[in-house]
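Here is a short briefing on two ligand sites, for reading alongside the structure.

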Amino acid sequence: MGKVILEVKNLKTKYVTRFGENVYAVDGVSFKIEEGKSLGIAGESGCGKSTLALSLMGYYFPPLHYMSGDIIIDGKNISGMNPDEVRKTILGTEIAYIPQAAMNALNPTQKIIRFIEDVVHAHDPKADKKVIREIAEKRFAELGLPAKVLDQHAVELSGGMKQRTVIAVSTILNPKVLIADEPSSALDVTSQKMVIKMMRELMDKGYIKAMVFITHELPLLYNVTDDIMVMYAGQIVERGTAKEMVFDPTHPYSHGLMGSILVPEEGTRGHKLTAIPGTPPNLKHPPDGCRFADRCKYAAPECRYYTIPEKEFGDNRMYRCLKSLDELKEVYDHE
Amino acid sequence: MSEDRIVPSKDFTNAPLCLSGRHVTKVFGFGDKKTIAVNDVSFDFHEGEFVSIVGESGSGKTTLSKILLGLLNHTEGEILFQGQPRDISTGKKRNAYWKGIQAIFQDPFSSYNSFHKIDSVLLDCINMRGGKNLPMEKKVEMMTEACSFVNLKFAELTNKYPFELSGGQMQRLMIARIFLLKPKILLADEPTSMVDACSRATILDMLLQLRDEIGMTIIFITHDIGLAYYISDTVYIMEHGKFVEYGKADEVILNPKAAYTKRLISDVPKIHEEWDLSTVELATE
Ligand SMILES: Nc1ncnc2c1ncn2[C@@H]1O[C@H](COP(=O)(O)OP(=O)(O)OP(=O)(O)O)[C@@H](O)[C@H]1O
Ligand SMILES: Nc1ncnc2c1ncn2[C@@H]1O[C@H](COP(=O)(O)OP(=O)(O)OP(=O)(O)O)[C@@H](O)[C@H]1O
Ligand code: SF4
Ligand SMILES: [Mg+2]
Ligand SMILES: [Mg+2]
């Protein structure tokens with residue numbers, strides 16, 4: 001087993017709404033990523049993927065609150081650190097986060113080089129602008145981005161170029177972990193490929209050591225990440241290698257998810273996609289039993305009474321369902 | 001998992017015409033700034049046909065859909081409605097045209113007044129379809145049903161504003177409207193781009209079912225070629241404002257003729273074929 005770069009243990013975080021209600025969006029998440037590996041996260045819209053990503057930075061501000069659990073980056077536990085310290089010593093160097101739709105959030109009146117200065121100055125307020133530009137020019141050249149982009153504004157860049165720029169800017173300080181939330185969903189395939197290639201390059205060159213990739217585009221996830229986790233209603237319901245997850249999913253929700261993959265390959269048109277009617281539980285009061293029970297075709301009465309534990313199996317795989325692997329295999333085989 | 005499916009591959013060549021275009025062109029700007037967004041396209045979309053228009057960013061898909069909707073004037077060419085030249089020259093004629101046509105826009109938040117509560121969006125649809133005087137329980141029942149088609153819970157939406165929904169939830173709400181409005185023509189511009197795979201499957205199947213029930217013509221704009229393959233009867237491939245290829249979904253996707261179509265198909269990540277990044281050159285533009 002390689003060196004563990006990011007380890008998360010039983011992380012719980014919540015939103016407190018303007019009415020003072022708690023929304024338990026990340027509810028007991030654990031996983032590890034080794035050096036040189038990437039982890040994909042998929043799951044229904046609203047299941048807590050972005051919240052998990054945000055929580056991993058250890059940088060909390062209302063309405064998001066840390067409750068419990070550990071985030072350990074390269075041996076250093078960053079959970080419970082105060083926000084100022086996190087901003088100075090963690091963000092950008094230990095971990096970098098590219099939020100969903102980040103490319104549309106760039107301040108349009110600011111030149112790209114200013115964003116890079118901001119990132120560097122947050123870490124080292126005295127850094128010299130000339131030095132920063134040199135570093136930026138070198139990195140942009142390595143990643144195939146034209147140097148002139150540094151002096152352009154976000155509005156002047158195409159969607160694909162903007163997204164690649166955002167990634168280059170966020171990783172300028174060589175963070176150990178890069179978290180990218182839907183970095184390519186708004187892009188067409190040509191730009192998507194470039195974004196992915198660039199993220200690989202960052203990894204190959206050792207500028208980043210591990211990556212978390214969130215998307216609802218499963219074929220992309222399958223081709224880009226080593227492992228995949230599926231999230232449902234604030235919890236991880238299954239984890240495995242990308243191949244295992246796509247070709248041999250065990251949890252009924254991941255089974256449904258993988259059954260709805262759309263690709264332009266012969267035969268896919270003749271099969272009905274797996275549709276799962278219904279909606280996930282309200283995260284303000286998640287049920288005690290299985291959170292998927294209301295929508296699960298295989299639910300039994302006992303599924304609603306027990307807290308469903310994570311069950312480890314195989315080579316570092318995990319699923320969260322009361323039924324045994326054999327029982328699940330049996331029902332899937334008969335469909 | 002692999003329940004068989006009746007594949008939509010009806011022959012539409014002799015079906016009644018719905019929307020057609022003859023040499024439609026749209027030019028933005030002048031001189032140096034001139035962009036030919038739609039370049040001399042001709043097409044026939046038939047009643048009840050599920051048409052997908054596939055192309056990369058900037059190929060002109062949204063521009064064409066706005067022309068079809070009558071929100072944008074084309075520079076040249078002609079749009080036909082049910083085989084006759086479309087006339088939307090007066091407000092009255094335009095309203096008549098709009099009666100049977102509904103659109104779902106690319107950005108779900110832009111198309112919708114953010115100061116209206118969610119339930120009023122759905123209520124308006126019922127009222128528009130002549131359900132104004134129905135008892136409230138009946139209306140709630142209809143709205144609940146429409147929401148369930150798109151995996152939303154009506155009870156959890158009431159009293160909310162659009163900014164309190166995620167992008168995927170907002171897109172699903174826009175599609176729930178279609179179930180209440182049952183238009184003759186639906187123009188949908190990337191309507192499920194933010195929806196997760198499972199909910200998307202539910203929605204697509206429901207759309208197909210609705211199409212079969214009421215004979216709706218659906219013009220579906222997307223850059224997802226796998227999605228277009230799964231759902232459409234006919235696929236049009238658009239590049240730089242032109243249709244470079246069109247035909248039955250099976251023919252276009254499994255046996256593409258145009259180099260551009262071939263490239264689009266080979267570029268998307270698949271699951272039985274390795275995704276080839278070796279040819280990607282980072283230093284372009
Ligand atoms: N500011 C907030 N206050 C209260 N609840 C919130 C807030 N932001 C998000 N939530 C809720 O927390 C849950 C998780 O949201 P999150 O954005 O993490 O989902 P997601 O999995 O990233 O979804 P998507 O795929 O749509 O991006 C959702 O149920 C959402 O409604
Ligand atoms: N109002 C406008 N003024 C000037 N140019 C425009 C305008 N609207 C669109 N264009 C240009 O026309 C071309 C086609 O744009 P369009 O939005 O139709 O593409 P699209 O296929 O919908 O792309 P996307 O997949 O990104 O939505 C682009 O080059 C665009 O920049
Ligand atoms: S625990 Fe029961 S309800 Fe939950 S996923 Fe497993 S079978 Fe379905
Ligand atoms: Mg998200
Ligand atoms: Mg568009």
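A cavity here is a set of grid points, worked out over the protein atoms alone, where a 1.4 Å probe fits but cannot get out. With that in mind, please remember that this is a predicted model. By this definition, the space taken by ligand 3 is the second largest cavity.

**Around ligand 3**
- The shell of ligand 3 holds 13 residues, and those that come nearest are A:Cys290, A:Cys296, A:Cys303, A:Cys321 and A:Leu322.
- By residue type, the shell around ligand 3 has eleven nonpolar members, one polar and one charged.

**Where ligand 1 lies**
- Ligand 1 is found between chains A and B.
- There are 16 residues around ligand 1, and A:Gly46, A:Lys49, A:Ser50, A:Thr51 and A:Gln100 come nearest.
- The shell of ligand 1 is made up of six nonpolar, eight polar and two charged residues.

- The side chain of A:Thr51 has an N or O atom 2.4 Å from an oxygen atom of ligand 1.
- Backbone N or O atoms also take part: one of A:Gly48 lies 3.0 Å from an oxygen atom of ligand 1, and one of A:Cys47 lies 3.3 Å from an oxygen atom of this ligand.
- On its own, ligand 1 has 650 Å² of accessible area, and the protein covers 71% of that.

**Elements that build the ligand 1 shell**
- In chain A, β2 (22-34) and α1 (49-56) are the elements that give two or more residues to the shell around ligand 1.
- The largest share, three residues, comes from α1(A).

Key:
Residues are numbered from 1 along each chain as its sequence is written. Chains are lettered from A and ligands numbered from 1 in the order in which they are written. This is a predicted model: local features need pLDDT of at least 70, side-chain atom pairs count only at pLDDT 80 or more; totals for chains, interfaces and linings use all residues. Side-chain values use heavy atoms; hydrogens and water are left out. A residue is near a molecule or strand if one of its heavy atoms lies within 4 Å of it. On a 1 Å grid over the protein atoms alone, a cavity is a set of points where a 1.4 Å probe fits but cannot get out, and a pocket is an open set with protein on both sides within 12 Å along at least five of seven lines; lining residues have an atom within 4 Å of a point. A molecule sits in a cavity or pocket if more than half of its atoms lie within 2 Å of its grid points. Ala, Val, Leu, Ile, Met, Phe, Trp, Tyr, Cys and Pro count as nonpolar, Asp, Glu, Lys and Arg as charged, and the others, Gly among them, as polar. A polar contact is a pair of N or O atoms within 3.5 Å; within protein, one must be able to donate a hydrogen and the other to accept it, and residues adjacent in sequence count only if both atoms are side-chain atoms. Accessible areas come from the Shrake-Rupley method with a 1.4 Å probe; for residues, only the protein chains shown count as cover. Helices (H or I, at least four residues) and strands (E, at least two) are DSSP runs, numbered from the N terminus.
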